[in-house]
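Let's work through this protein together, one question at a time. Keep the picture in view as you read.

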Amino acid sequence: MVSGIGLLLLSAVAGYWVLERSATHPKKNLKRVGQAVGWFVILVSILGVACKVYGLASGKGAYCPSGSRCPFSSKMPAASPVSK
């Protein structure tokens, strides 16, 4: 898929799997931790998808403060003039 959105959606599925597995766990504390981790993974994945879609739709892409080529974007930084 485009710009890693597929990986984010796959991680949301993994979070749902953790959520489902923790629901049937007999230990209460482990069940609660598993549900918290599952919801956290799902929420972060969905927020990541939303940010990626917004970046692609707005044409901004990914932001790299260092000015180097960003691994999350296909855009190259503007070339600086070579001094002689």
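Q: Which residues of helix 1 are buried?

A: Keep in mind that this is a predicted model. A residue counts as buried when its relative accessible area is under 20%. In helix 1, the buried ones are Ile5, Ala12, Gly15, Leu19 and Ser22.

Q: What is the area of the nonpolar surface patch made by Leu7, Leu10 and Val13?

A: Together, Leu7, Leu10 and Val13 make a nonpolar surface patch of about 330 Å².

Q: What do the buried residues of helix 2 pack against?

A: Start with who they are: Gly34, Gly38, Ile42, Ser45, Gly48, Val49 and Gly55 are the buried residues in helix 2. Now look from the other helix, where the cover over the buried residues of helix 1 includes helix 2. Seen from helix 2, its buried residues pack against helix 1.

Q: How far apart are the end C-alpha atoms of helix 2?

A: Helix 2 has 31 residues, and at 1.5 Å a residue it should span 45 Å. The model agrees with that, because the end C-alpha atoms of helix 2 are 45 Å apart.

Q: Is Cys51 buried or exposed?

A: Cys51 is part of helix 2, which covers residues 28-58. Its relative accessible area is 58%, and the cut-off to pass is over 50%. So Cys51 is exposed.

Q: How far apart in space are Cys51 and Ile5, C-alpha to C-alpha?

A: Along the sequence, Cys51 and Ile5 are 46 residues apart. Ile5 is one of the buried residues of helix 1, while Cys51 is found in helix 2. From C-alpha to C-alpha, the distance between Cys51 and Ile5 is 9.8 Å.

Q: What share of the protein's residues count as buried?

A: The protein has 2 helices and 0 strands. Out of its 84 residues, the share that counts as buried is 17%.

Definitions and conventions: Residues numbered from 1 in each chain as written. Predicted model: local features only at pLDDT ≥ 70, side-chain atom pairs only at ≥ 80, totals over all residues. Heavy atoms only, no water. Helix = DSSP H or I, 4+ residues; strand = E, 2+ residues; numbered from the N terminus. Buried < 20%, exposed > 50% of the residue type's maximum accessible area, 1.4 Å probe, protein only. Expected span 1.5 Å × (residues − 1). Contact = heavy atoms within 4.5 Å. Patch = residues over 30% accessible without salt bridge, like charges linked within 9 Å, V, L, I, M, F, W, Y side chains within 5 Å. Areas by Shrake-Rupley, 256 points an atom, 1.4 Å probe, with all protein chains shown as cover. Salt bridge = Lys/Arg side-chain N within 4 Å of Asp/Glu carboxyl O.
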